[in-house]
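Here is a friendly briefing to read side by side with the model. Keep the 3D view open and look for each residue as you meet its name.

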Amino acid sequence: MSITPAIWATPQTYLHHEQPDHPMFFFIPENLKKSADLFLQNYPGLVSYAVKANDAPEVIENLVAVGVGAFDVASVAEMARVRGVFKGAVLHYNNPVRSPAEIRAAMDFGVVSYSVDSVSELEKIAAIVPANGVEITARLALPVAGAKYDFGDKFGAGPERVVELLQRISALGFNPSITFHPGTQCADPQAWVSYISVCADVAVRAGVRLARLNTGGGYAAHRGQTAPDLVPIFTAIETAVQSAFGKAAPKLVCEPGRALVADAFVLATRVKAVRDDGSVFLNDGIYGGFGESPSMGTVDRVRVMGDNGAIKTDGLQPRKAFGPTCDSLDTLPAPVMLPDDLSEGDYVLFSGMGAYAHATVTRFNGYGVTDMVTVQQG
Ligand SMILES: Cc1ncc(COP(=O)(O)O)c(C=O)c1O
């Protein structure tokens, strides 16, 4: 498998030449390679990609091309998607709740690792999947700060339940492991350090030696003016594991989604109207590529390209921005900084739109960005 060749130099060259009237995603394989290299060269363990962040075959292909061979899949459709691109993919099924039919399908796909956060779900797997060599990871949830939003409400068990789960996993003959997710867009190493110390304590209380520990996703992507530095987080993880587990230190696995793929996409929208009050209608909104902006905020790396292909930078001011549907909820959650000479027909380009944008687009009202073009640079 090789890296996808870029056909256009930049989003601007494409937009200027083609003048599309619909929103477009631009894929930048070079940026995906850069983030993958950062994880592959610095994370002290196995890097598994959380496919839910962006399941475009181009993304999976390009990750495989640079050396990512393990994938966190949330559904049978994601298993099929990954295997369709790379037959040798190692699959971790870390959506903690599954139907028996999904478990049977996972077994047929050769899933090697499952996560659980309740005994009932563990028993469901054990009734179908033979233990030999299969890993089951107990998902721990703690009240830890630092992320943009916390996942602990929906998934994860407290330390007491994880002790019970580890003992039961072991008794059933599966390889016991622990996983956690500190919440997405987390830039605070202390979140991982707190989790790791409780993981070590829980393993001792359960009387179980962990072969592996999964330190989750959650690693922050570039939002705002400066890119987060993930290397100190990787170092903090390694140090915390050594100090908490000592000689019993497990092998590590991470499963980033956002931080791997966010910078690999630019979303280009077009100005449909500039209203009398200065607010703006774009041709994409929260039912399209901005689906997570109500919970995460809108990305703020924004450029505007005018008719002549030049970037407009004068008199940047905050403007209210609406999406194209007839639903009044379809409004970006915070004003967007846009130039004072913004005009109908201009393109507004949002960088860092690779995660949870392409994967969550709907066709509500007949809108929704579906086109994707590969470029050399964003
Ligand atoms: C089990 C699991 N692992 C990894 C991820 C990826 O998280 P992120 O995109 O914050 O890195 C998620 C996100 O929902 C998840 O549920």
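Glu 78 is buried, because its relative accessible area is 10%, and buried means under 20%, exposed over 50% and partly exposed in between, with a 1.4 Å probe and protein chains only. This is a predicted model, in which local features need pLDDT of at least 70 and side-chain atom pairs count only at pLDDT 80 or more, while totals for chains, interfaces and linings use all residues. Residues are numbered from 1 along each chain as its sequence is written, and side-chain values use heavy atoms, with hydrogens and water left out.

- Glu 78 sits in helix H4 (residues 76-85); helices here are DSSP runs of H or I with at least four residues, strands are runs of E with at least two, and both are numbered from the N terminus.
- Between the C-alpha atoms of Glu 78 and Arg 258 there are 16 Å, and the two residues are 180 apart along the chain.
- Lys 33 belongs to helix H2 (residues 29-42), and it counts as partly exposed because its relative accessibility is 28%.
- Ser 120 is part of helix H6 (residues 119-126), and it counts as exposed because its relative accessibility is 51%.
- Ser 120 and Gly 352 are 232 residues apart in sequence, and their C-alpha atoms are 39 Å apart in space.

**Around the ligand**

- Which residues are the closest to the ligand? They are His 181, Thr 184, Glu 255, Arg 258 and Tyr 356, out of 15 residues that surround the ligand, where a residue is near if one of its heavy atoms lies within 4 Å.
- That shell divides into 4 nonpolar, 6 polar and 5 charged residues. Nonpolar here covers Ala, Val, Leu, Ile, Met, Phe, Trp, Tyr, Cys and Pro, charged covers Asp, Glu, Lys and Arg, and the others, Gly among them, count as polar.
- A side-chain N or O atom of His 181 is 2.8 Å from an oxygen atom of the ligand, and a polar side-chain atom of Asp 72 lies 3.2 Å from a ligand nitrogen atom. Polar contacts are pairs of N or O atoms within 3.5 Å.
- Arg 258 takes part through its backbone, with an N or O atom 2.8 Å from an oxygen atom of the ligand.
- On its own the ligand has 390 Å² of accessible area, and the protein covers 92% of it; such areas come from the Shrake-Rupley method with a 1.4 Å probe.

**A loop with positive phi angles**

- Tyr 356 lies in the loop between strand E17 (347-351) and strand E18 (371-374). Its phi is positive, about 55 degrees, although Tyr 356 is not a glycine.
- Asn 365 is found in the loop between E17 and E18, and its phi is also positive, about 65 degrees, although it is not a glycine.
- Asn 365 counts as partly exposed because its relative accessibility is 39%.

**The largest nonpolar core**

- The largest nonpolar core has 100 residues, of which Phe 39, Tyr 49, Phe 71 and Tyr 219 touch the most other members. A nonpolar core is a set of buried Ala, Val, Leu, Ile, Met, Phe, Trp, Tyr and Cys residues joined through side-chain atoms within 4.5 Å.
- Helix H8 (residues 189-206) gives this core its largest share, 9 residues.

Terms used: Polar contact = N/O pair within 3.5 Å; in protein donor to acceptor, adjacent residues only side chain to side chain.
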